[in-house]
Amino acid sequence: MNDMYKEFSRRLGQVEKAPVKVLAASVAPVENGSEDDKLFLDTMMTRYEILPMELPAIKLFLMGKPSPISFTPKDPSNPDLKEFIKFVKEHTGLYVGLPGCIEPLDKLLIEMKDLNSKDARIIVVQKAEGL
């Protein structure tokens, strides 16, 4: 999970002007930590109602919202970066590109998928060619 967070943080750092402030936090079991680490874990688990079997837990904190949103990956033992980016995007509108993605082209693809007419799709393709 730490690798997923490192990669997400790297990509988030590439976002020039984030429209929202995002804080994602992971609460994971403490195996060989200090008493302070264990106390912190217990405090977070109590505060955010996390059960031991739900660890590691991932929460998304949004400014102006009283409580975080829980991220539940399909495979909790191996959370996927793409799945996490999609979760953040759905809840914040923040664009964090996946490998090989370019924001203006992604936006055009989203625009194009909802179009029914061939002429409208041609216009979107022409926009893409103009980038």
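The legends below describe an overview and close-up views of one predicted model.

Local features are given where pLDDT is at least 70 and side-chain atom pairs where it is 80 or more, while totals for chains, interfaces and linings use all residues. Residues are numbered from 1 along each chain as its sequence is written, and side-chain values use heavy atoms, without hydrogens and water.

**View 1. The protein chain comprises 5 helices and 3 strands.** Helices (H or I, at least four residues) and strands (E, at least two) are DSSP runs numbered from the N terminus. Read from the N terminus, the order of elements is α-β-α-β-β-α-α-α. Of the 131 residues, 26% are buried (buried is under 20% relative accessible area, exposed over 50%, partly exposed in between; 1.4 Å probe, protein chains only). Among contacts with a separation of 6 or more, 49% join residues 24 or more positions apart (contact is heavy atoms within 4.5 Å).

**View 2. The largest nonpolar core has 11 residues.** Such a core is a set of buried Ala, Val, Leu, Ile, Met, Phe, Trp, Tyr and Cys residues joined through side-chain atoms within 4.5 Å. Its members are I58, L60, L62, F71, L81, F84, I85, F87, V88, L94 and V96. A second, separate core of 7 residues includes M45, Y48, I50 and L55. In soluble globular proteins, nonpolar side chains tend to be buried together.

**View 3. E49 lies in the loop between helix 2 (35-47) and strand 2.** E49 has a positive phi of about 50°, although it is not a glycine. The relative accessibility of E49 is 68%, so this residue counts as exposed.

**View 4. Helix 4 (residues 103-113) packs against helix 5 (residues 118-129) at an angle of about 175°.** The two axes are 10 Å apart; axes are lines fitted to C-alpha atoms over the stretch in contact, and angles run from 0 to 180 degrees between N-to-C directions. Helix 4 and helix 5 are therefore roughly antiparallel (over 145 degrees). L105, L108, E111, M112 and K113 of helix 4 meet R121, V124, V125, K127 and A128 of helix 5. By class, this contact has 6 nonpolar, no polar and 4 charged residues (Ala, Val, Leu, Ile, Met, Phe, Trp, Tyr, Cys and Pro count as nonpolar, Asp, Glu, Lys and Arg as charged, and the others, Gly among them, as polar).

Key:
Angles under 35 degrees count as roughly parallel, over 145 as roughly antiparallel, 65 to 115 as roughly perpendicular and the rest as oblique.
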